[in-house]
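Q: I have a structure here that is new to me. Can we go through it together?
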Amino acid sequence: MTIIFRYCIYHSFKMQLTRVASFLVRGHSVSRSGAVLIKNSYCVSAVRDSTALLYRRHGEPSQAVQLESLHLTQVGPESVLVKMLAAPINPSDLNMIQGTYALLPELPAVGGNEGVGQVMEVGDKVKALKVGDWVIPRDAGVGTWRTAAVLKADDLVTLPKDIPVLSAATLGVNPCTAFRMLTDFEELKPGDTVIQNAANSGVGQAVIQIAAAKGIQTINVIRDRPDLQHLSDRLTALGATHVITEETLRRPEIKELFKSCPRPKLALNGVGGKSATELLRHLQSGGSMVTYGGMAKQPVTVPVSALIFKDVKIRGFWVTQWKRDNKHDEDALRSMLDELCVLIRAGKLSAPACTEVSLQDFRKALENAMKPYVSTKQVFVM
Ligand SMILES: NC(=O)c1ccc[n+]([C@@H]2O[C@H](COP(=O)([O-])OP(=O)(O)OC[C@H]3O[C@@H](n4cnc5c(N)ncnc54)[C@H](OP(=O)(O)O)[C@@H]3O)[C@@H](O)[C@H]2O)c1
């Protein structure tokens, strides 16, 4: 049963203390009226409380999200207390808040699906984690935009502590997506070419770097912008072979580019609409286009000729599904994370360009995350 400790000082606590129905927000108790309750624990130490970005309804992220104080539940035998260190704002987090994503947690929910935290306390039966470990969520839906949480140990996976905190906070989604798409669809050898749009996205930057580390060439398509040269230089410094705009991709001169590199075996589409159709036009016969995002919110149109004369394969990828499909294969996720960490340590995989923000500045951060041409990921640093 939920116990309410009257000496916990929160304004919301003054509300109908005994009548409110309570429900759990992954390790916190929150009342339907907004009052924050405690489940079998004393509200004594700072680490027993958490500040979280919570949403109680779907809507415009900067309006729907609120900064709230939550009380942590007691650490159970199979759970751990985690202090969050950093957590990014990804497009899927925004879509979840808007209510348009394929996966929607029960409301109220804490925002954020990835991030890194440090284990502060472990339950009696927890063997795989110890105090001090860095951990990231194994699956989506955990709610990472908060200072601390009590989570099931099985829902977490460790990361080494010798990588930068921003790399750790942004490793579980975008680099894993890039890694799988470069591995699971076409057999790519050094010298082969991959073409991608949204090349400056978090996924795109990881694709550039992982491909470069494997000797794979990349043609990177970005939208035109006033600081195009600056962005192009940045992506080239990451290892991009070619950086071109969406407009250049449509011009006949693009054929010149294929005199110096083979036509792509693999196209990675995070945009949809015309951009995806243009990627397809340049794919080599029998190649694959993998759609993983739809930033333009436009359907993918496949030219009939690409199917008849080139027999291209049209595929899709969702890293959440991959993680779920491989849930019982401990090695699958571990070995991918280990390989990515080797690249990070070797200086071959850096975190995307990030803007660090406090939880308190969440409105501005959420607004910035939705602006076009920003080219930097908003990351909450707790
Ligand atoms: N399927 C999966 O498993 C998976 C995993 C990770 C991510 N994703 C998806 O991949 C996409 C990118 O995620 P991210 O975290 O890498 O993104 P991000 O770092 O936030 O970057 C967003 C990217 O989208 C581009 N963009 C925004 N609106 C656009 C539009 N209308 N037309 C063309 N490009 C547009 C931006 O380009 P500008 O700089 O030009 O604005 C930027 O390159 C999202 O759709 C995300 O949901 C899917």
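This is a predicted model: local features need pLDDT of at least 70, side-chain atom pairs count only at pLDDT 80 or more; totals for chains, interfaces and linings use all residues.

Q: How much of the protein is buried?
A: Of its 382 residues, 43% are buried.

Q: What about the largest nonpolar core, how many residues does it have?
A: That core has 93 residues, and Val80, Val82, Val207 and Ile210 have the most contacts inside it.

Q: Where does this core lie relative to the two domains?
A: It lies between them, because domain 1 (21-30 + 41-169 + 363-381) and domain 2 (174-320) both give residues to it.

Q: Back to Val80. What does it touch?
A: Leaving out residues up to four places away in sequence, Val80 touches Val75, Val119, Glu121, Val122, Gly123, Val126, Leu129, Leu151 and Ala153.

Q: Switching to the ligand: which residues are closest?
A: Ser201, Gly202, Gly293, Met295 and Val319 are the closest, out of 27 residues that surround the ligand.

Q: Which helices supply at least two residues of that shell?
A: Helix H2 (91-98), helix H4 (174-184) and helix H5 (202-213) each do.

Q: And which domains does the shell draw on?
A: At least three of its residues come from each of domain 1 and domain 2.

Q: What classes of residue are in it?
A: The shell around the ligand has 14 nonpolar, 11 polar and 2 charged residues.

Terms used: Residues are numbered from 1 along each chain as its sequence is written. A residue is near a molecule or strand if its C-beta atom, placed from the backbone, lies within 6 Å of it. Helices (H or I, at least four residues) and strands (E, at least two) are DSSP runs, numbered from the N terminus. Ala, Val, Leu, Ile, Met, Phe, Trp, Tyr, Cys and Pro count as nonpolar, Asp, Glu, Lys and Arg as charged, and the others, Gly among them, as polar. Domain bounds come from an automatic or database domain assignment. A nonpolar core is a set of buried Ala, Val, Leu, Ile, Met, Phe, Trp, Tyr and Cys residues joined through C-beta atoms within 7 Å. A residue is buried if 20 or more other C-beta atoms lie within 10 Å of its own, exposed if 12 or fewer, and partly exposed in between; C-beta atoms are placed from the backbone. Two residues are in contact if their C-beta atoms, placed from the backbone, lie within 7 Å.
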